Amino acid sequence: MIYLKTEEEIELLREANLVVARTLGEMAKWVAPGITTLKLDSIAEEYIRSQGAVPGFLGYAGYPNTLCISVNENVVHGIPSNYVLREGDIVSIDCGAVKDGYNGDSTYTFAVGEVAPEVLQLLKTTKESLYVGIEHAQPGNRIGDIGHSIQEYCEKRGYSVVRELTGHGVGKKLHEDPEVPNYGRKGVGPLIKNGMVIAIEPMINLGSKNIVFERDGWTCRTKDRKPSAHYEHTIAIHNGKPDILSSFKYVEEVLGEKSI
Ligand code: MF3
Ligand code: CO
């Protein structure tokens with residue numbers, strides 16, 4: 001069941017996503033060699049609460065933290081730990097916040113110091129593919145058009161698309177219908193309509209598309225242990241076009257010329 005949102009609800013979803021966007025901006029100030037992923041998590045939790053919001057992932061299906069932090073070969077749902085970030089790592093920070101009952105959900109993958117050029121290119125392509133997907137989230141198109149465009153963009157450049165995890169509707173619940181795969185065929189899936197709010201989140205691998213789940217029950221990593229990148233925006237289909245409710249503006253202001 002896909003819930004279409006009213007204008008008022010879309011504005012509330014924008015507020016929640018702004019909290020997430022600013023939290024990712026805070027993360028950009030702290031991501032550097034020497035910091036633990038658990039420290040990033042506690043900074044994010046404190047920041048979200050200071051904004052009159054609550055962490056959206058904490059306690060969700062028993063998830064233990066505020067952020068999902070996935071380093072290098074970890075694809076998504078990495079649990080913050082005592083792992084110390086190192087020069088050359090890539091780190092995906094997935095953040096959710098609930099404000100006035102509505103969810104925000106967005107992810108940015110950061111380079112830690114100097115990163116190998118081929119890995120930087122993976123980040124760049126994954127981020128670009130997110131915007132390609134958003135461009136296809138037009139009323140009258142189908143959900144499959146989004147995934148098809150992301151898959152085509154990434155595979156043409158030699159990368160592979162994770163199949164097991166998808167984007168999703170966003171609203172009062174973090175995960176609503178529809179599922180939004182990052183692969184697929186044109187013209188397939190639910191019709192995209194004004195009032196839909198969805199998270200689009202390509203998870204793109206440098207090597208093969210295969211993933212495995214770690215024994216902690218959450219962390220998902222590439223089978224071949226090659227790096228994986230992940231970017232996510234929550235968008236509304238609104239006034240006849242996609243409207244990005246989250247934002248990388250705060251991250252990119254902090255990163256400046258180091259931004260990819
Ligand atoms: N953005 C992630 C997702 O949509 C966050 C969910 S993590 C969870 O899957 F811990 F909350 F499940
Ligand atoms: Co999501």
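This is a predicted model: local features need pLDDT of at least 70, side-chain atom pairs count only at pLDDT 80 or more; totals for chains, interfaces and linings use all residues.
Together they make an open sheet in the order β6-β10-β13, and the pairing is antiparallel. Now colour residues 160-161 and 228-230: these are β6 and β13, the edge strands, and each pairs on one side only. Zoom in on β6 and β10 (residues 203-205), which run antiparallel and are joined by two bridges. To see a bridge up close, pick Val-161 and look across to its partner in β10, Ile-204.

Next stop: another sheet. Select β3, β12 and β11, an open sheet of three strands in the order β3-β12-β11, again with antiparallel pairing. Look at β3 (74-76) and β11 (211-213) at the edges: each has a single partner strand, so one side of each is left without a neighbour in the sheet. Turn the view and check the twist, which averages 40° from one strand to the next. Then follow β11 to β12 (residues 220-222): the two run antiparallel, with three bridges joining them. Click Ile-211, then find its bridge partner in β12, Thr-222.

Now for the metal. Select the cobalt ion (ligand 2) and show the side chains of Asp-105, His-168, Glu-201 and Glu-232. These are its protein donors, through OD, NE2, OE and OE in that order, and they lie 2.1 to 2.3 Å from the ion. Which strands hold Asp-105 and His-168? Asp-105 sits in β5 (residues 102-111) and His-168 in β7 (residues 167-169), so the pair ties together parts that are 63 residues apart in sequence. If you have the sequence panel open, you can trace the spacing of the donor residues as D-x62-H-x32-E-x30-E.

Stay on the cobalt ion (ligand 2) and try the angle tool. The six donor atoms around the ion subtend angles of 63 to 164°, which makes the arrangement irregular.

Are Asp-105 and His-168 buried or exposed? Asp-105 counts as buried because its relative accessible area is 2%, under the 20% cut-off. His-168 is buried too, with a relative accessible area of 5%.

Last stop: select ligand 1. Surrounding ligand 1 are 13 residues, and the closest are Tyr-63, Asp-94, Asp-105, His-168 and His-175. Go to Asp-94, where a polar side-chain atom lies 2.7 Å from a nitrogen atom of ligand 1. An N or O atom in the side chain of Asp-105 is 3.1 Å from a nitrogen atom of ligand 1, and for Glu-232 the distance to a nitrogen atom of ligand 1 is 3.2 Å.

Technical notes:
Residues are numbered from 1 along each chain as its sequence is written. Chains are lettered from A and ligands numbered from 1 in the order in which they are written. Side-chain values use heavy atoms; hydrogens and water are left out. Donors are N, O and S atoms within 2.8 Å of the metal (3.2 Å for Na, K and Ca); water is not among the atoms, so sites may look incomplete. Four donors count as tetrahedral if all angles lie between 85 and 135 degrees; four count as square planar and six as octahedral if opposite donors are over 155 degrees apart and all others between 65 and 115; anything else is irregular. Helices (H or I, at least four residues) and strands (E, at least two) are DSSP runs, numbered from the N terminus. Buried means under 20% relative accessible area, exposed over 50%, partly exposed in between (1.4 Å probe, protein chains only). Two strands pair if DSSP finds at least two bridges between them. Axes are lines fitted to C-alpha atoms, for helices over the stretch in contact, and angles run from 0 to 180 degrees between N-to-C directions. A residue is near a molecule or strand if one of its heavy atoms lies within 4 Å of it. A polar contact is a pair of N or O atoms within 3.5 Å; within protein, one must be able to donate a hydrogen and the other to accept it, and residues adjacent in sequence count only if both atoms are side-chain atoms.
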